[in-house]
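Good morning, colleagues. Please look at the model on the screen while I go through its helix packing and its core.

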Protein chains: 2
Amino acid sequence: MPSEHTDKQYEAELRDLRERLLFMAGKVEEMIAFTTRSLVERDSDLARQMIEADMDINRLEVEIDELCLRLLALRQPAARDLRFITLALKIVTDLERIGDECVNIARRAVELNAEPPLKPLIDIPRMAGTAQEMVRQALDAFVEGDDQKALRVGPRDDEVDALNVQLFRELVSFMIEDPRTITRATALIAIAKHLERIADHATNIAEMVVFMVEGKDIRHPRSRAGGTRREMTNS
Amino acid sequence: MPSEHTDKQYEAELRDLRERLLFMAGKVEEMIAFTTRSLVERDSDLARQMIEADMDINRLEVEIDELCLRLLALRQPAARDLRFITLALKIVTDLERIGDECVNIARRAVELNAEPPLKPLIDIPRMAGTAQEMVRQALDAFVEGDDQKALRVGPRDDEVDALNVQLFRELVSFMIEDPRTITRATALIAIAKHLERIADHATNIAEMVVFMVEGKDIRHPRSRAGGTRREMTNS
């Protein structure tokens with residue numbers, strides 16, 4: 001049954017899947033950058049645009065899911081392609097949830113932009129920049145099948161966590177000194193948490209990529225302490 | 001090629017997949033219940049047992065992933081089964097991450113159990129109980145293909161969020177009144193956040209189930225406000 005013709009079509013469909021995933025990841029990266037900018041530059045119009053933009057992300061998720069199902073149903077992919085497609089199914093879920101986190105940040109930005117600024121925002125854009133790079137690295141590693149690149153994503157999660165801890169401590173001290181800051185400080189804590197979750201999603205994607213490429217599971221190393229991503233926040 | 005013999009085998013494999021997923025979900029539910037108990041009853045041995053138990057969850061994830069891949073590769077499942085198997089692949093990821101959240105809670109419990117109690121814990125066991133029920137409902141809905149049951153999971157997320165907001169406010173007031181409570185209060189805030197994430201995972205599973213059963217997408221309704229799970233925490 002598989003002719004040269006269908007082989008070429010199949011290759012084209014796999015390429016299409018790869019490109020759509022990269023396109024979606026690019027959109028998600030933009031959302032991380034622009035929602036952060038909407039907060040730092042106090043631009044609520046931009047924040048509202050990002051809440052709208054999430055609908056594109058959601059549409060892309062449904063399209064990519066359907067494409068994966070079509071490939072699985074009609075093309076009977078073999079070992080390597082099968083892993084690629086099933087991993088695409090999982091990754092698209094992480095990307096969509098990153099979009100949701102961005103919407104949550106954008107909503108907080110709209111609230112905060114209506115209040116006087118609490119403090120210059122230094123750590124939050126740094127966290128966002130790192131999280132965004134992690135998403136790109138994880139996706140690049142996926143489409144290139146590059147486990148070495150994927151392995152470099154996880155350690156960056158610690159940078160994001162460390163910034164989060166630092167910011168959290170600073171904001172708690174604000175709240176203690178002046179209870180009128182509590183609403184704004186807790187909104188910033190929530191935003192930092194959303195960024196931390198975005199970095200977690202990128203880490204999860206990267207771990208799944210290593211599993212795909214190496215066929216071994218860094219998600220669950222034998223050592224007890226490493227079995228679950230270390231959690232440092234708010235401590 | 002498909003004989004009655006292979007058909008029966010195929011049915012048995014699908015049943016095996018279903019049963020393993022339910023088994024894993026049951027283990028995850030136990031982890032939620034026992035990690036919470038380890039905190040409420042100040043039982044650090046139990047907390048450490050739960051950190052160990054997560055390795056079983058991780059092993060189950062790998063096994064179920066492999067079973068799904070085998071089914072996809074060898075059985076060429078048709079439309080309905082294909083959706084079931086690909087959804088199983090996504091659900092198993094959520095279940096494994098719930099296990100990770102439980103480990104994070106257990107680690108916090110060990111820390112907190114070494115300090116004097118800050119306050120009687122009322123909201124946290126309630127949040128945990130609801131989150132646990134949500135996981136069960138979502139998984140039951142999945143294996144029964146029952147969209148009505150799945151639709152009842154999401155609204156319960158609001159209960160968890162509301163408890164989280166209430167607890168957060170209470171703990172912030174503790175911190176303001178007495179800075180010596182900050183470490184313990186922030187640990188409890190972190191635990192509540194982990195429970196909230198568990199409820200989010202259950203909600204995500206339920207939304208995917210509705211999509212599978214109805215072929216329509218409540219994850220991304222047309223309305224803007226509904227497009228992303230409303231986020232109420234810490235506000």
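**Helix packing and core**

I begin with helix 3 (residues 79–113) of chain B and helix 7 (residues 182–214) of chain B, which pack at an angle of about 170° with their axes 10 Å apart. Helices here are DSSP runs of H or I with at least four residues, and strands are E runs of at least two, numbered from the N terminus. Axes are lines fitted to C-alpha atoms, for helices over the stretch in contact, and angles between N-to-C directions run from 0 to 180 degrees. Helix 3 of chain B is therefore roughly antiparallel to helix 7 of chain B; angles over 145 degrees count as such, those under 35 as roughly parallel, 65 to 115 as roughly perpendicular, and the rest as oblique. By class, their contact has 12 nonpolar, 4 polar and 9 charged residues. Ala, Val, Leu, Ile, Met, Phe, Trp, Tyr, Cys and Pro count as nonpolar, Asp, Glu, Lys and Arg as charged, and the others, Gly among them, as polar.

On provenance, this is a predicted model: local features need pLDDT of at least 70 and side-chain atom pairs pLDDT 80 or more, while totals for chains, interfaces and linings use all residues. Residues are numbered from 1 along each chain as its sequence is written, and chains are lettered from A and ligands numbered from 1 in the order in which they are written.

Between the chains, helix 3 (residues 79–113) of chain A packs with helix 2 (residues 44–75) of chain B at about 125°, their axes being 11 Å apart. That angle makes helix 3 of chain A oblique to helix 2 of chain B. A:A79, A:L82, A:R83 and A:T86 on the one side and B:L69, B:L72 and B:A73 on the other make the contact, where contact requires C-beta atoms, placed from the backbone, within 7 Å.

Chain A has 7 helices and 0 strands.

Which residues have the most contacts inside the largest nonpolar core? They are A:A131, A:A138, B:A131 and B:A138, in a core of 134 residues. Such a core joins buried Ala, Val, Leu, Ile, Met, Phe, Trp, Tyr and Cys residues through C-beta atoms within 7 Å.

Finally, B:I32 lies in helix 1 (residues 4–40) of chain B. B:I32 counts as buried because it has 28 C-beta neighbours inside 10 Å. Beyond four places in sequence, B:I32 touches B:C102, B:A128, B:A131, B:Q132 and B:I198.

Notes
Buried ≥ 20, exposed ≤ 12 C-beta atoms within 10 Å, placed from the backbone. Contact = placed C-beta atoms within 7 Å.
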